[in-house]
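This report describes how the parts of one protein model pack against each other. Please look at the sequence and the structure before reading on.

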Amino acid sequence: MDYSLEEKEAFMREALLEAEKALALEEIPIGCVLVKDGQIIGRGHNARETLNRAVLHAEIMAIEAANAHEGHWRLLDTTLFVTIEPCVMCSGAIGLARIPQVVYGATNPKFGAAGSLYNILEDSRLNHRVEVEVGILEEECAGIMQRFFRERRKK
């Protein structure tokens with residue numbers, strides 16, 4: 001789980017590809033990949049509007065795919081790469097899945113629960129704490145969101 005900067009950027013680019021999939025569906029463009037031993041074992045992008053399910057955030061979809069891949073609910077020895085800081089729900093799911101490391105691109109000052117509004121992932125009161133890294137491809141991750149909301153306001 002000790003990835004080089006180049007590897008982290010490569011995985012974040014994969015998460016950005018997932019965000020592009022969400023954008024093509026007119027979903028909020030957030031993407032996520034879950035990595036174990038240098039291999040992607042789960043992918044996800046927002047699909048709330050497409051599938052009319054409130055909980056289908058990118059992280060939840062990636063966790064579900066990784067659970068199926070691993071055949072287990074515990075996702076030990078994995079790293080979750082997500083373009084935008086996880087929300088409260090996703091931070092809870094990350095902890096429940098026992099994911100030990102999260103890398104996210106840009107902060108989410110309105111809904112973030114991994115350092116902005118709340119810090120669920122590193123809260124010492126909880127039985128599982130997550131190592132968090134922020135800022136990998138931050139400009140690209142923030143940029144896709146900014147473009148999406150700029151276009152949405154025009155409509």
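How many residues of strand 4 are buried? The model is a predicted one. In strand 4, six of the six residues are buried, so this strand is largely enclosed by the rest of the structure. Strand 4 runs parallel to strand 3, and five bridges join the two. Within this pairing, V102 of strand 4 stands opposite L80.

The largest nonpolar core has 44 residues, and those touching the most other members are M12, L34, I63, L80, F81, I94 and I99.

In soluble globular proteins, nonpolar side chains tend to be buried together.

Apart from neighbours within four places in sequence, I94 is in contact with I63, L80, P86, I99, V102, L121 and V130.

Two of the helices also meet each other. The axes of helix 1 and helix 5 cross at roughly 10° and come within 10 Å. Because angles under 35 degrees count as roughly parallel, helix 1 is roughly parallel to helix 5. Helix 1 contributes M12, R13, L16, A19, E20 and L23 to the contact, while helix 5 contributes E140, C141, I144 and F148. By type, the residues of this contact are seven nonpolar, three charged and no polar.

Notes
Residues numbered from 1 in each chain as written. Predicted model: local features only at pLDDT ≥ 70, side-chain atom pairs only at ≥ 80, totals over all residues. Heavy atoms only, no water. Core = buried A, V, L, I, M, F, W, Y, C linked by side-chain atoms within 4.5 Å. Buried < 20%, exposed > 50% of the residue type's maximum accessible area, 1.4 Å probe, protein only. Contact = heavy atoms within 4.5 Å. Axes fitted to C-alpha atoms, helices over the stretch in contact; angles between N-to-C directions. Helix = DSSP H or I, 4+ residues; strand = E, 2+ residues; numbered from the N terminus. Parallel < 35°, antiparallel > 145°, perpendicular 65-115°, else oblique. Nonpolar A, V, L, I, M, F, W, Y, C, P; charged D, E, K, R; others polar. Pairing = 2+ DSSP bridges.
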